[in-house]
Amino acid sequence: MFHEGELAVQERAGVRLEAARLTGMLAPGGLSRGAGGWLAERTLAVLTGRNRAGRLWTSALTGPPGFLDGAGQRLRVDAAFAPGDPLHDLPGGQRVGLIAIDFATRRRMRVNGTLFTDEAGRDGLTVEVAEAFGNCPQYIQPRRLAAARAAGAAPVFTSLPALTPAAVATVAGADTFFLGTAHPGRGADASHRGGPHGFLRVDGDDLWWPDYPGNNMFNSLGNLATDPSAALLVPDFATGRTLHLSGTATVEWTEPGTGAPDEVTGRRVRFHPAAVVAGEHPALVAVHT
């Protein structure tokens, strides 16, 4: 069932009836055999959760095919966040959101559930699955990860006092980023955002992006209606550099056609970063297909 934030955004956008037809996608359920097999072929997952200070972050986990091992109510992730990663040593017992994506075929799957308290650590993560559902291929830029070339190379992370010129350049060149949001009761969620280069903008100390037409469920915007906590992961697939941002976000409603040319829905999201981390993640180097 949709929660109160999702329903409120659907109502304001005038799509309650269209969204209601998709309610079944959010019904509690585990991983089917087909879903588990698809996850087993992936080499990238992005997870949203809170660190030990309670701050929301979104970060990437990579590994060879098979590092995601899921069936029924359990998803095992045979990877861990490296030291310096904003989610290194994240506490268990919390609701997290995970998205696995195959850029080459433009398919993605979201998995939400509870991180096992006694299995969160250096040797991997285990999630008790509450929801698992696919999303349409819209806005996924086709590319192929070249992770094999980065075997054995560990990610490196650096905390930044603010958005540096290099960070602004990463934002300006992005055609993909991952958005983390949370609901007070249902926990964290990780989602994908894609568009042409420049669709993610820097405006002073803030970032913003237009909310493109989608499936009308408004999982992310609905979460923001109940909790402004937000986190962004912005990858540079040409270099493997990543930009991690944690802060707050709000949905801004405008008249369609009165803003930038790509603001066709009358919705944009404004994000204010409170913490910034730059990363070097060799396994995220990719080539366009």
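**Getting started**

According to an unreviewed UniProt entry, residues 163-254 carry the annotation "domain: Pyridoxamine 5'-phosphate oxidase N-terminal"; UniProt positions are given in the numbering used here, feature names are shortened, and annotations may be inferred rather than shown by experiment. This is a predicted model, where local features need pLDDT of at least 70 and side-chain atom pairs count only at pLDDT 80 or more, while totals for chains, interfaces and linings use all residues. Residues are numbered from 1 along each chain as its sequence is written, and side-chain values use heavy atoms, leaving out hydrogens and water.

**Exercise 1.** Classify the ring pair Phe 177 and Trp 209.

*Solution.* 
- Step 1: Recall the rule: rings of Phe, Tyr and Trp (its six-membered ring) pair if their centres lie within 6.5 Å; planes under 30 degrees apart count as stacked, over 60 as edge-to-face and the rest as tilted.
- Step 2: The centres of Phe 177 and Trp 209 are 4.9 Å apart and the planes are at 70 degrees, so this pair is edge-to-face.
- Step 3: Both Phe 177 and Trp 209 are buried (under 20% relative accessible area, with a 1.4 Å probe and protein chains only).

**Exercise 2.** Which aromatic cluster holds Phe 177 and Trp 209?

*Solution.* 
- Step 1: Their cluster also includes Tyr 139, Phe 199 and Tyr 212.

**Exercise 3.** What sits over the ring of Phe 103?

*Solution.* 
- Step 1: A charge counts if NZ of Lys or CZ of Arg is within 6 Å of the ring centre and within 35 degrees of the ring normal.
- Step 2: The charged end of Arg 143 sits there, 5.9 Å from the ring centre of Phe 103.
- Step 3: Phe 103 is buried, as is Phe 237.

How values were computed. Buried means under 20% relative accessible area, exposed over 50%, partly exposed in between (1.4 Å probe, protein chains only).
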